[in-house]
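I opened the model today to look up two things.

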Protein chains: 2
Amino acid sequence: MKLQEPSVESSGSTFTPLVVLELTLDAKEEAVAWLLSRIRDPQQNGGAELLVEQLGPGVGLQEKENPNMFLVGASRQRLLSGAEDVGLFKEFNDGSMRGFTCSNKHNFKDFQGDGDNFLSMAECQYIIKHELDTLRAKDETHVPGYTQTKLYPGKSIIRRLLSKGILIQIFPLHENEELKRLCFTWYKKVKLSLQPLDDIRHYYGEGQALYFGFLEYFTFALVPMALIGLLYYLFDWEDYDKYVVFAMFNVIWCTLILELWKRFSASLAYNWGTLSRKKAFEEPRPGFHGVLGFNPVTGRQEPLYPNAKRQLRIYLVSLPFVLLCLYLSLYVMMIYFQMEGWALTVHDEDPTFWTGILLFIPSIIYAIVIEIMNIIYRCAAEFLTEWENHRLESSYQNHLVLKVLIFNFFNCFASLFYIAFIMQDMVLLRQSLATLLITSQILNQFMEAFLPYWLQRRRNKKLIRKLRKRRTLEDKELPLAEQVRLEADMSTYLGTFDDYLEQFLLFGYVSLFSCVYPLSAVLVVLNNITEIYSDAFKMCRVFKRPFSDPAANIGVWQLAFEAMSVIAVVTNCALIGMSPQVKAYFPESEMQLILWTVAIEHGLLAFKFILTFLIPDVPKHIQIKLSRLEFESLEALKKKKMLEASEFSKSVQ
Amino acid sequence: MKLQEPSVESSGSTFTPLVVLELTLDAKEEAVAWLLSRIRDPQQNGGAELLVEQLGPGVGLQEKENPNMFLVGASRQRLLSGAEDVGLFKEFNDGSMRGFTCSNKHNFKDFQGDGDNFLSMAECQYIIKHELDTLRAKDETHVPGYTQTKLYPGKSIIRRLLSKGILIQIFPLHENEELKRLCFTWYKKVKLSLQPLDDIRHYYGEGQALYFGFLEYFTFALVPMALIGLLYYLFDWEDYDKYVVFAMFNVIWCTLILELWKRFSASLAYNWGTLSRKKAFEEPRPGFHGVLGFNPVTGRQEPLYPNAKRQLRIYLVSLPFVLLCLYLSLYVMMIYFQMEGWALTVHDEDPTFWTGILLFIPSIIYAIVIEIMNIIYRCAAEFLTEWENHRLESSYQNHLVLKVLIFNFFNCFASLFYIAFIMQDMVLLRQSLATLLITSQILNQFMEAFLPYWLQRRRNKKLIRKLRKRRTLEDKELPLAEQVRLEADMSTYLGTFDDYLEQFLLFGYVSLFSCVYPLSAVLVVLNNITEIYSDAFKMCRVFKRPFSDPAANIGVWQLAFEAMSVIAVVTNCALIGMSPQVKAYFPESEMQLILWTVAIEHGLLAFKFILTFLIPDVPKHIQIKLSRLEFESLEALKKKKMLEASEFSKSVQ
């Protein structure tokens with residue numbers, strides 16, 4: 001664990017700042033003093049036993065400098081015991097992954113000497129966050145200085161301060177040298193190579209690394225489809241008939257890659273120690289409110305909110321709202337098709353330059369309207385999910401993801417479904433698909449990476465210019481105080497949500513309709529290669545460092561991708577049934593054709609489910625390691641009992 | 001734990017016989033002596049520390065009395081420590097279920113005094129079986145007296161003796177008084193009431209109790225369908241058109257009852273302590289063979305068999321064989337339909353009494369052929385599954401169940417599918433369904449209960465007559481030695497396999513086609529009511545007592561029933577699409593009708609999966625109890641660590 005500014009002297013002991021707490025400018029002094037003392041208090045007294053230090057004044061670069069910024073760190077011993085608290089899994093001497101315990105620390109592979117480099121900085125930051133989160137009120141009835149901010153025994157102090165806005169943010173610090181190294185191996189190197197997933201995980205934690213692992217895996221998995229698609233494009237491009245084979249390949253491929261990803265992600269998670277790590281008991285999310293009561297699981301006092309009430313809100317308000325929005329989106333789509341039809345008739349009647357331009361107008365309007373609807377819907381979805389008052393952050397996230405997912409799916413694919421199955425116009429379908437893919441690709445890259453980077457860069461430049469004015473910069477490194485303030489001003493990374501959503505929609509384009517536009521896989525592969533670079537870049541340069549998230553899999557997204565691949569079977573079979581090549585086999589009876597198509601579709605679906613069932617989710621060698629661990633713990637328990645029994649019988653004798 | 005013959009004096013301590021070991025008549029004396037000493041040895045020396053006693057000679061009722069029968073029991077202390085070994089869950093003082101530990105025994109609800117009635121007899125027998133199963137060879141290279149029967153350190157002795165035929169059987173003893181009580185509350189009582197599931201579980205263990213629980217639940221769940229079916233039968237019987245509503249109800253009902261069963265079974269399993277009980281590491285099954293090597297999980301020496309080889313056997317031999325059998329069964333079916341067609345033409349040309357009888361001949365031949373095929377296939381399936389050489393009994397069972405399931409499904413339903421969808425003859429479908437249901441019902445009851453009972457009764461009567469000859473029976477109770485020999489001769493209960501299979505096929509009749517024959521649910525309900533009685537009767541009177549099996553759910557059968565309910569959606573939708581009532585809506589275009597049917601089917605399937613996803617598998621109040629247990633163990637761990645840390649800091653000071 002090295003930091004560019006090695007250590008700050010604090011009450012005699014060396015101290016590496018890891019996490020920053022930013023309180024409001026006008027935070028009451030007594031509240032600040034109380035918070036600091038609670039953080040510093042030894043654990044026996046219910047404190048967090050962490051080191052905390054006020055950030056010194058900067059060189060005055062910002063107009064209004066917030067003095068209420070605090071650096072939090074911890075002694076090595078405290079971090080190790082914290083690692084045991086959060087249930088960290090580390091590599092053992094025998095190569096297996098085991099839960100870290102202080103008493104057993106010397107048997108862990110990378111534990112050398114005092115264990116200085118045993119924990120990565122991301123892990124230390126995660127531990128500190130966990131310790132801060134579980135810092136609980138004792139007998140305080142309110143936050144000192146804020147009589148309105150009620151507390152009760154067992155309430156997480158940090159979450160209360162966050163929900164009341166007294167604590168503005170809490171974020172981990174970047175580690176400039178390591179970041180530079182990571183940037184280099186990740187995206188600056190000219191040589192083409194795999195992403196340094198282990199380094200990413202080391203710096204950003206497992207959640208991020210899994211996203212980048214998925215991105216890379218998915219891109220590679222699409223290469224065969226892209227190659228076949230390219231061949232189709234080069235040789236059979238105008239021959240829609242030939243897409244039957246391609247569609248079949250599509251369906252099987254999609255199922256396979258998702259199943260294999262599960263295995264791959266299990267390997268990654270095992271090696272990163274998150275696969276068998278038990279989740280700690282989840283705290284209520286900061287925004288959760290309700291009548292004070294006793295949690296039936298922990299016995300702690302906390303707000304309770306009846307589940308029935310939440311279900312009512314979900315099924316009687318949120319669900320109808322989502323359905324209404326879907327209907328609206330459908331309605332807008334129908335207007336778009338009418339407008340386009342009208343523009344086409346105008347152009348056909350009297351084709352001039354202006355009517356030629358008119359042809360584009362409906363698409364442009366439609367794209368803008370959809371974008372606006374997306375933004376409004378996103379806000380509404382967040383509001384509704386907040387209002388549903390979920391107790392856990394994870395359940396909040398799942399409900400939000402589901403809402404946004406369905407709407408985005410509808411917005412992106414409804415028009416394509418309409419063109420494919422109602423209008424049955426394959427040429428138009430191909431055109432729309434190409435347009436959608438290419439524009440969304442360009443737009444995404446611009447909105448996601450270049451825009452935030454440009455804004456950030458402008459701000460930084462201004463700052464450095466100011467700094468230059470005040471004093472000459474001897475070394476290029478900023479002093480710690482400035483560095484921290486700079487990072488505090490960076491945008492907050494909002495998690496992998498939008499990144500996964502983008503991949504989900506791209507997967508949809510490829511799996512649902514790629515048989516009519518074989519180049520789509522090629523486009524997605526190209527997009528993803530740039531996406532890896534732009535995502536890596538924005539993680540390293542644009543955003544605040546996020547706290548690491550000990551994820552064992554990609555969670556609800558696995559389900560979403562699998563649902564998409566089921567829908568893909570249906571659409572691909574329908575497209576096959578509609579292809580002239582297949583229709584030629586059933587010259588007399590359309591009914592026969594449909595019955596065969598349906599039968600084949602059912603067969604494929606059954607095959608898909610059987611395949612999902614047959615392929616184990618965890619590779620054999622990892623299963624063996626997991627069951628060995630379980631077996632050993634059972635044996636140890638037995639041995640311990642036998643010892644106790646023999647001691648008991650001896651004492652009786 | 002009471003037994004009719006309270007105790008046998010053995011080496012000074014009282015001794016309740018629980019389990020019987022029967023060795024071959026010609027077992028070598030040194031082998032017997034060695035086995036007994038290993039069973040008696042204290043645990044420190046690697047023995048089982050159980051009590052074992054040779055069964056005294058009977059009054060010579062049987063022609064050839066086997067002297068090598070041994071009664072096994074254990075001291076109370078040993079049983080309690082065994083309960084901890086097998087991870088028994090018992091009710092705690094606070095009403096939750098916790099893993100039993102000897103050190104904490106007084107905090108368990110039913111533990112009074114010395115814990116005399118704390119463990120049920122079934123539990124004691126299970127514990128003894130577990131201890132015998134895990135009695136391992138030390139440094140013996142072979143069984144004394146049998147140089148061919150190799151042993152190696154860590155090999156389970158009992159399993160080796162069983163697989164070599166030196167040990168004939170090992171079975172738990174009945175407990176006559178309790179059995180009488182159970183019989184009374186279960187099936188002899190005249191008053192109609194629910195089955196005494198807790199008593200059944202107490203006497204036979206969780207696996208049996210779950211089967212009877214399922215049988216009862218399933219019967220109740222069918223009552224609404226039976227009622228609606230009866231109404232249809234009474235008022236709409238000849239009007240096939242009306243079955244659309246019934247089919248819809250069918251589909252939704254099937255999904256719901258299976259989901260709710262999962263919740264109900266979770267409640268039962270929780271209250272019986274098997275839901276969160278961890279399975280002990282499974283031993284290789286007795287028939288498993290391979291090259292000696294080291295198990296990668298346990299590190300113990302045991303036969304290893306490469307998984308790839310097993311997969312090859314499954315996919316290259318078993319799978320083709322099953323497919324061939326299915327083809328054969330299809331072929332036989334086609335011959336049956338041809339024969340029936342021929343008989344019909346003969347009868348139509350010149351109807352006499354003899355041609356009237358001829359009409360029944362094909363059905364009878366078909367039924368006999370199917371029954372023969374079933375028997376042959378069952379043997380072949382057992383042979384193949386044995387030959388696949390599965391390491392675990394559970395995996396052997398799953399593969400066997402799957403093979404038998406598919407073939408039985410095919411045999412039972414192929415002809416119905418043919419009649420429904422190829423011949424599209426609803427009247428014939430209804431006739432066949434009724435015939436199949438009624439005959440299978442009568443046949444089953446006869447084969448399952450009355451025949452074995454009659455055989456058993458004849459044997460018992462002979463025995464008692466013999467006994468009368470020798471001496472006058474003062475009391476009606478048999479002496480223990482005779483009782484044990486009598487039980488040893490009873491048929492062995494082969495598990496719930498056939499019972500579940502029967503329910504599975506009945507569920508198929510109801511869910512797949514009941515809309516054309518609404519009375520089928522009524523018939524199944526009637527069948528199940530008698531089934532409960534006959535199954536209870538045969539458990540109590542016909543079979544040896546089985547070892548209890550700590551099941552937490554109905555295992556692979558849940559999956560089988562769910563698969564059936566998916567198929568039911570497809571068939572019901574197809575039947576709806578074929579109904580004249582629906583056809584009337586689409587007078588011009590059959591294509592429109594099919595497309596609509598398919599769309600509705602997809603919608604229903606999607607709805608079904610969403611429903612499965614939305615209904616939690618474990619009821620909320622049990623989830624809370626489970627997570628409280630987990631939370632408490634985490635907290636205890638934390639507290640323990642804190643204590644250690646504070647002790648450490650004190651010792652440093």
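First, the terms: I count two strands as paired if DSSP finds at least two bridges between them. Helices (H or I, at least four residues) and strands (E, at least two) are DSSP runs, numbered from the N terminus.

The model is predicted, so local features need pLDDT of at least 70 and side-chain atom pairs pLDDT 80 or more, while totals for chains, interfaces and linings use all residues. Residues are numbered from 1 along each chain as its sequence is written, chains are lettered from A and ligands numbered from 1 in the order written, and side-chain values use heavy atoms, without hydrogens and water.

Entry one, the sheet. I looked up β1 (19–23) and β3 (69–73) of chain B: they pair antiparallel over 4 bridges. B:Val19 has B:Val72 as its bridge partner in β3(B). Both strands belong to an open sheet of 4 strands in chain B, ordered β2-β3-β1-β8. At its edges I find β2 (51–54) and β8 (167–172) of chain B, each pairing on one side only.

Entry two, the interface. I count 36 residues from chain A and 37 from chain B in the contact (heavy atoms within 4.5 Å). Salt bridges between chain A and chain B number 0 (side-chain nitrogen of Lys or Arg within 4 Å of a carboxyl oxygen of Asp or Glu). On the side of chain A that touches chain B, α20(A) gives the largest share, 11 residues. The elements that give two or more residues there include α9 (307–349) and α20 (620–652) of chain A.
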